[in-house]
Amino acid sequence: MDELLALYKKMGLSEAVYARGERVLGSLAGRFAAIDQTAEYNQTKVLAAFQKHRVSAACFTPSTGYGYDDLGRDTLEKVYAEIFHTEAALVRPQITCGTHALALALAANLLPGDELLSPAGLPYDTLQEVIGIRESVGSLAEYGVSYRQVDLLPDGSFDYDGIRSAIGEKTKLITVQRSKGYDPRPTFSVAQIGELIAFCKSIKPDIRVMVDNCYGEFVERIEPSDVGADMVVGSLIKNPGGGLAPTGGYICGTESCIHRCACRLSAPGLGREVGSNMGMLTSLYEGLFLAPTVVAGAEKGAIFAAALYEPLGFRCIPAASEERHDIIQAVELGSEEAMKAFCAGIQAAAPVDSFAVPLPWDMPGYDSQVIMAAGAFIQGSSIELSADGPIRPPYAVYFQGGLTWLHAKFGILMSLQKLIDAQIVQI
Ligand SMILES: *Cc1c(COP(=O)(O)O)cnc(C)c1O
């Protein structure tokens, strides 16, 4: 232990912060064991899918051009469909990010005159332009798709009466966001999403439901597609890419929904038959294989952060003792200076760009400045250790990821160290 401490000290971590971290860790053994059990279950689920669909070395062969008869691509989609218990899947490097995957799923399954309903309040920032809540070129609104929203009740639960009266003749698709994203509301459990879906389908049986699954994959043993979602959608540079996928997105769902998505992504008549894998398949398979363990490490980091910061008087969402349904941890730090110090600590702990100092900047699309800490192998990857937040009250940083639990631990300890060094916190 002395050797480790000596090394940590050389990297800027004090003995006091390290010791405090160890004490906090002592209280988390039960939580960590439960996370490991879920990870073991999900790893086995993933492994079984690889075996059932006979993943072989031939699946890692790069393809070019049209990508006809791409065994690796087609097998990967079968593996995803198996894991999510859906009829089909679209998993492609041509899907550039989570927002693209969500926009694709919506645009492919909504026609002029249809209405999209969000029964859980305002969707994620970037989706607002996709839908046309904020005016934007190419939005669903431009194509004659209308939008309706029912806000959550003050206690964060679903407004079932409001939802009942919002579902009408035109309502075709429902969008539900699992993770809180950058909102202070709680993240929904898969069971809660299941209740919402059952309710909506009891009112209108042919209604379709899409779930934005970003940051939620492998946190529980089941996914929203296990409780009635027609499509689950996410980014490969978050949970299911396991930190190795260099880019991409996925949509898992019913054959009819996925077929429409594929015809929209490539072209009508071409569908899933085209799309080269650009030599990425080894990373997509290997990342998926590692994902349950990587997610478990990120979750441990989130719980450790809450357990470390809550006793110091900072509000944490979710609270340290709360059950978790995604990997995001918000910590309300109360000042711009504290946000800078926290982010400086995360950055200083990074394997890449550790020498950089994160500063607030005017990010397009936000009305306040935003600060971001990320020293990632993959640009923008938020399954890697990262923290960001808008510079405005309550001055919350949203912290997530960590390719290994031990790296997440070091990053969180360094964030506290920087708060102490800046004389914002005393321990
Ligand atoms: C990250 C995220 C998105 C968008 O993903 P990008 O890959 O950044 O485009 C959408 N919804 C939620 C809830 C997210 O967390």
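This is a predicted model: local features need pLDDT of at least 70, side-chain atom pairs count only at pLDDT 80 or more; totals for chains, interfaces and linings use all residues.

User: OK, how many salt bridges does the structure hold?

Analyst: The structure holds 17 salt bridges, a salt bridge being a side-chain nitrogen of Lys or Arg within 4 Å of a carboxyl oxygen of Asp or Glu. One of them joins the side chains of K52 and E82, with an N to O distance of 3.4 Å.

User: Which parts does the pair of K52 and E82 tie together?

Analyst: K52 belongs to helix α3 and E82 to helix α4, so the pair ties together parts that are 30 residues apart in sequence. Helices (H or I, at least four residues) and strands (E, at least two) are DSSP runs, numbered from the N terminus.

User: How do α3 and α4 themselves cross?

Analyst: The axes of α3 (residues 29-52) and α4 (residues 71-83) come within 9 Å and cross at roughly 140 degrees. Axes are lines fitted to C-alpha atoms, for helices over the stretch in contact, and angles run from 0 to 180 degrees between N-to-C directions. The two helices, α3 and α4, are therefore oblique to each other, given that angles under 35 degrees count as roughly parallel, over 145 as roughly antiparallel, 65 to 115 as roughly perpendicular and the rest as oblique.

User: What about α2 and α12?

Analyst: The axes of helix α2 (residues 15-26) and helix α12 (residues 405-421) come within 10 Å, crossing at roughly 130 degrees, and that makes α2 oblique to α12.

User: Where is S27, and how far is S27 from L419?

Analyst: S27 sits in the loop between α2 and α3 and counts as exposed at 55% relative accessibility. S27 and L419 are 392 residues apart in sequence and 23 Å apart in space, C-alpha to C-alpha.

User: Back to salt bridges: what does E255 pair with?

Analyst: E255 forms a salt bridge with R272, and the closest N and O atoms are 2.7 Å apart. E255 lies in helix α9 (residues 255-265) and R272 in the loop between α9 and α10 (281-309), so the pair ties together parts that are 17 residues apart in sequence. E255 counts as partly exposed, at 36% relative accessibility.

User: And R315?

Analyst: The side chain of R315 meets that of E332 in a salt bridge, at 3.0 Å from N to O. This pair links distant parts of the chain, with R315 in the loop between α10 and β8 (316-317) and E332 in strand β9 (residues 329-332), 17 residues apart. At 17% relative accessibility, E332 counts as buried.

User: New topic, the backbone. Where are there cis peptide bonds?

Analyst: The peptide bond from I317 to P318 is cis, with omega near -5 degrees, and P318 is found in the loop between β8 and β9. The bond from P393 to P394 is also cis, with omega near 5 degrees, and P394 lies in the loop between β11 (386-390) and β12 (396-400).

User: Which residues other than glycine have a positive phi?

Analyst: Among them are R54, with phi near 55 degrees, and Y215, with phi of about 75 degrees.

User: Last one: which residues form the nonpolar patch on the surface?

Analyst: L47, L244, F289 and L290 form the patch, with about 280 Å² of accessible area together. Patches are made of residues with over 30% relative accessible area and no salt bridge, where like charges are joined within 9 Å and nonpolar side chains (Val, Leu, Ile, Met, Phe, Trp, Tyr) within 5 Å. Accessible areas come from the Shrake-Rupley method with a 1.4 Å probe, and for residues only the protein chains shown count as cover. L244 lies in the loop between β6 (231-235) and β7 (249-253) and counts as partly exposed at 33% relative accessibility.

Conventions:
Residues are numbered from 1 along each chain as its sequence is written. Side-chain values use heavy atoms; hydrogens and water are left out. Buried means under 20% relative accessible area, exposed over 50%, partly exposed in between (1.4 Å probe, protein chains only).
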